[in-house]
Amino acid sequence: MLHSLWILWALGATISLSKGGSPDQVSLSCDPMGVCDGHSRSLNSIPAGLTAAVKSLDLSNNEIVYVGNTDLQMCVNLKALILKSNEINRIDEDAFLPLGSLERLDLSYNYLSHLSSSWFRPLSSLQFLSLLGNVYKELGETSLFSHLTNLRVLRVGNIYTSKIEEKDFAGITFLEELEIDASNLQSYEPKSLKSIQNISHLILHMRQPILLPVTFVDLLNSLEYFELRDTDLHTLHFPELPVRETNPSIKKFTFRNVEITDESVNEVMTLFSYGSEFLELEFDDCTLNGIGNFDPSFMEKIKDPGKVETLIIRKLHIPQFYLFYDLSSIYALTGNVKKITIENSKVFLVPCSLSQHLKSLEYLDLSENLMVEEYLKNSACEGAWPSLQTLILRQNHLTSLEKTGETLLTLKNLTSLDISKNSFKSMPETCQWPEKMKYLNLSSTQIDSLTYCIPRTLDILDVSNNNLNLFSLILPQLKELYISRNKLKTLPDSTFLPMLLVMKISGNTINTFSKEQLESLQNLKTLEAGGNNFICSCEFLSLTQEQQALTQVLVDWPENYLCDSPSHVRGQRVQDTHLSVAECHRTALVSAVCCALLLFILLVVALCYRFHGLWYMKMMWAWLQAKRKPKKAPNRDICYDAFVSYSERDSYWVENLMVQELENFDPPFKLCLHKRDFVPGKWIIDNIIDSIEKSHKTVFVLSENFVKSEWCKYELDFSHFRLFDENNDAAILILLEPIEKKAIPQRFCKLRKIMNTKTYLEWPNDEAQQQGFWLNLRTAIKS
C-alpha cells in the first residue's frame, strides 16, 4: 500500500504529460485516493507513466487525438476515465483491454467517425458510457453494448446520426437513463428500442417529430419517464393506438426547448393519454406559437382527461399572448391536478374561473412572475383553490403585506405561504391571514422590523436576508426560526419562543452567546449561528470548546465559527483558538500585579529609608541641575579663593578665627561664606553650586556638627559631584575635632576614600602648633 501511494505521489508530482516532452505541458495533479486531474491543460496525448495506483483519470478539455494500446496498459484499477471534449479521432482496438474495473467512460464531443465493439468488450464492469457529440453516423456494424451487462446510463448520438437500427441496442435489458441525440434522424427501424425491457428515463433529442410516433410505440412497454428535447412539434401527428398498446408505467413527460402550436397541442394531449393513472407533465423553456385556440374535439381523444396530477411549467414563451383566448377549453383537464408550478413565465393573472375549477389543487408555485395584489385578488376569488395548502409567490411584484393577507383570506385551508423576494420594505402593525397558516416565508423582502402582523399561529417563520436588528415577537407555537443574514446583535429572547426547536441565525452581527442564553432555549435541537462577528473571549471559548453537547446542536460547527476579535486571533476557527492565561484571568492578574506593586513600593520605601534613598534622589536632582552648567568656571569667573562649608554651630571658629586669620593676612584671602556672600532671594541650592564653582578651593570644616547639618550635607554633596569626580585637589578638609569614621555617612564613599588616602588638616588644641596650621591652610588654598 505504501509503495502504491509513493508511486501515486511521484506520478502527480513529476511525470510529464507529453510523450514528446512538449515544454508547454504540465504534470497531473493526483490526490492520495488515486484521483488524477488533468483537464484543460493543452495535452495532445495520454500522459506517460500512468500506474495501477490511478483510480480516476480526468483528461477532458484537452487536445488529445489518439488513444493507443499502451497508453492505459498499467491502469488495471481504473474506475473512471473522462476523455470528453478532446480531438480524439482514433482508438486502437485493444486500447481499453486492461480496464476490466472501469465503471465510467466518457468519450463525448470528440471526432470519432466509427465505433468498434472491440473497445467495449473488455469493460464488463462499465455502468456509465457517453458517446454523444462525435461524428459517427451509425452505432457500428454490430451490436456495441451486448457485453455490457452492468450498464445503467447510456448516451449516444449526434447531429450526424441519421438512422437507428434494431441491432444498435441489442443485448441491453435495463437502463436507468438512455439519452439519444437523434436531431437529424432520417430512419428508424421498428422495434429498435423495444428490446430494452425497462428504461427508467429516456432523453430524446429530435428536431423534427416525424419519427416520434413510431419511436414512442416501441417504448410503451418499457418507459417510465419520457423527455423530449429541442423539437418543433408543429407538424406532429400522432396516430391513435389500440387500447392494448397503452402502458400504465409512464409516469412523467418532459418537454424541454420544444415549440408547440395550437394544433399540435391536440396531438400532445393524445400522447399524454398513454400515460399512467397519476401523471406528471413538465414544460421547460418551451414556446407556444398560438393564441390558445385549441380544438374542443381533441378532448374526445383523451380517454381520461383527469389523470394529470402534477404540472410544471418553467420559462414558457407565448409570443402572441396579447391575442390569447381564455383557457376554458382545458378546464376539464384540471379537475384532478394537485400540484402546479409555473415559474418565470410572465404570469400576472390566473382567471377566477380557472382557479375555481382547480378543486383538487394543493400546491401552487407562481414564482418569478408578475403578480400584484390587485390581480391576485381576482385569482384568489371566492371559491378559488378550495383545497390549496401551499402557495408560493416568490419574486413577484407584491408590495403590501396587509393587502396580500386580506386577499388570501378566501383560502381557508392554506397552511404554507412563501412571499419571499418581494419588495414589502415595511410591515404594518396588524394583518389578517388565513386561520390555518403554519409557515410564512418573508425572506429577502427588505423589511427592517417585525410587528404583530406576523400570525401567532406559525410553526415556521423565515425572515432571513432582511434588515432586522431586533427580534421581540412573542410566538408561542413557533418551532423553527430562520433569521440569517440580518443585523441582529444577540440571540432572540427565549421567553418569546418557548417551543423553538430549530434556529438559523448565521450571517448576523452577533458577538457572543452565553451558557444562560442557550440553556433558556431548553427545547432547541438545531442551531446554525456561524458567520457572525464572534468576540473570542475566554468565557465564549470555554463555552464552545468544553461543552460537547453544544457542538452537537451547532450544525455548522466548526467551519463557520471564526473569531473577529481580539485582532491577533482574527480569522481563526473558534475551535482552534486558545488565549493566554493573562487574557483569560485579567482581573486576578491585575489584582496580583497591584499587590506585587504595593509590596514593591513598600520594599523600596524601606530600602530607601535603610540606605538613604531619599538622599540619593535629592542628589540626582541636584546633579541634573548642576549638569546644565559648565563643570568648571573659567579663571576670569573665579571670585573667591575658597568657599567655606561649615556647620552653623562651628560658626564661631570660622568667623572669629579662620576668617580673621585669612582675610587679614597680607595679601588677604577672599573667602565665600553663606551668611555673608549668598545672593538674597536666590534658590539656596543654586547659591551653593554657584559659590563652589566661583571659588578656587572649597574648604570643609569637618566636625560632629558638620556631619549632622543638612546644608553641610548638600555642600558636601555638590562638591562630591563637581569636585571629587574631576579628580583634582580643589577640596580642602579641616578636621576641627576628631570624628569617628563610622560617623561619616556611607553615601559619601568618595569622601571616606579621600580621608583614607589623602592628608587632611587637623586643628590643634595646642596654641603653639596653631601658627603652623594656618601656614599649611594658606599654602593649600594658594596651590
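Cys75 is buried, with a relative accessible area of 0%. In this predicted model, the closest cysteine sulfur to that of Cys75 belongs to Cys36 and lies 8.6 Å away, which is too far for a bond. Cys595 is likewise in no disulfide, the nearest cysteine sulfur being that of Cys594 at 7.0 Å, and Cys595 counts as partly exposed at 48% relative accessibility.

## Disulfides

The structure holds 4 disulfides. One of them pairs Cys30 with Cys36, with the sulfur atoms 2.1 Å apart, and this link is right-handed, with 110 degrees about the S-S bond; Cys30 is partly exposed at 22%, whereas Cys36 is buried at 2%.

Cys536 and Cys563 are also joined, S to S 1.9 Å, and the torsion about their S-S bond is about -95 degrees, so this disulfide is left-handed. The pair links distant parts of the chain, 27 residues apart, with Cys536 in the loop between strand 28 and helix 10 and Cys563 in strand 29.

## Nonpolar cores

The largest nonpolar core has 163 residues, and Phe96, Phe169 and Phe255 have the most contacts inside it; helix 4 (residues 262-272) gives the most to this core, with 5 residues. A second, separate core of 22 residues includes Ala642, Tyr646, Ile732 and Phe773.

## Confidence

The chain averages a pLDDT of 85, but pLDDT stays under 50 over residues 1-26. Where pLDDT is low, the predicted coordinates should not be read in detail.

Terms used:
Residues numbered from 1 in each chain as written. Predicted model: local features only at pLDDT ≥ 70, side-chain atom pairs only at ≥ 80, totals over all residues. Heavy atoms only, no water. Core = buried A, V, L, I, M, F, W, Y, C linked by side-chain atoms within 4.5 Å. Buried < 20%, exposed > 50% of the residue type's maximum accessible area, 1.4 Å probe, protein only. Helix = DSSP H or I, 4+ residues; strand = E, 2+ residues; numbered from the N terminus. pLDDT = per-residue confidence, 0-100. Contact = heavy atoms within 4.5 Å. Disulfide = S-S within 2.5 Å.
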